[in-house]
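This report is meant for someone meeting the structure for the first time. Please look over the sequence and the model below before reading on.

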Amino acid sequence: VYNGGHHQFFWNRHDRPDEWTRALRGARQIGASGVAENLAAAIDVWRREEREVSTNALAFLNSAREGDFMDFDDRFYAEADAFQKRFEEVVAGLEAD
């Protein structure tokens, strides 16, 4: 999500929804409940529609312009610093073990 937002995250991984649930589970496990709730809601929006995903850049841009995920991006980026800090703390703790 950091690089391209939720739309690109789903678009790039449209055929691997297990990665969405893994990211969601990870956010919950490190205590990033706001990020997790936001991602869960974005997943619901993505799944609500039948989306035709292609490798065509113009199709991607046209789809992104619909703006379904801009509010989700704003909420994520508002918490991004705290999320990154928590993520780094968890990783540091794992490395110390």
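Helices (H or I, at least four residues) and strands (E, at least two) are taken here as DSSP runs, numbered from the N terminus. This is a predicted model, in which local features need pLDDT of at least 70 and side-chain atom pairs count only at pLDDT 80 or more, while totals for chains, interfaces and linings use all residues. Residues are numbered from 1 along each chain as its sequence is written, and side-chain values use heavy atoms, with hydrogens and water left out.

**Overall layout**

The protein has five helices and zero strands, and along the sequence the pattern reads α-α-α-α-α. Its C-alpha atoms fill a box of roughly 45 × 25 × 20 Å, taken along the principal axes. Of the 97 residues in the protein, 30% are buried, where buried means under 20% relative accessible area, exposed means over 50%, and partly exposed lies in between (1.4 Å probe, protein chains only). Contact means heavy atoms within 4.5 Å; among contacts between residues at least 6 apart in sequence, 69% join residues at least 24 apart.

**How the helices pack**

Two helix pairs are described by their axes, which are lines fitted to C-alpha atoms, for helices over the stretch in contact, with angles running from 0 to 180 degrees between N-to-C directions.

| Helix pair | Axes come within | Crossing angle |
|---|---|---|
| α2 and α3 | 8 Å | roughly 160 degrees |
| α3 and α5 | 9 Å | roughly 155 degrees |

Angles under 35 degrees count as roughly parallel, over 145 as roughly antiparallel, 65 to 115 as roughly perpendicular and the rest as oblique. α2 and α3 are therefore roughly antiparallel to each other, and the contact between them involves P17, W20, T21, A23, L24, A27 and R28 of α2 together with V35, A36, L39, A40, I43, W46 and R47 of α3. By class, this contact of α2 with α3 has 11 nonpolar, one polar and two charged residues, where Ala, Val, Leu, Ile, Met, Phe, Trp, Tyr, Cys and Pro count as nonpolar, Asp, Glu, Lys and Arg as charged, and the others, Gly among them, as polar.

α3 (residues 33-48) and α5 (residues 70-96) are likewise roughly antiparallel to each other. Their contact is made by G34, V35, N38, A41, A42 and V45 of α3 and by F72, R75, F76, E79 and F83 of α5, and these residues divide into seven nonpolar, two polar and two charged.

**Individual residues**

P17 is placed in helix α2 (residues 17-29) and is partly exposed, with a relative accessible area of 32%. Although P17 and A40 are 23 residues apart in sequence, their C-alpha atoms are 12 Å apart in space.

Is H6, by comparison, buried or exposed? H6, which lies in helix α1 (residues 5-12), is buried, with a relative accessible area of 1%. Its side chain is joined to that of D73 by a polar contact of 2.6 Å, a polar contact being a pair of N or O atoms within 3.5 Å; within protein, one must be able to donate a hydrogen and the other to accept it, and residues adjacent in sequence count only if both atoms are side-chain atoms. Leaving aside neighbours within four places in sequence, H6 is in contact with V1, N38, L39, A42, F69, F72, D73 and F76.

W11 is also found in helix α1 and is buried, with a relative accessible area of 8%. The C-alpha atoms of W11 and F60 are separated by 7.8 Å, and the two residues are 49 residues apart along the chain.
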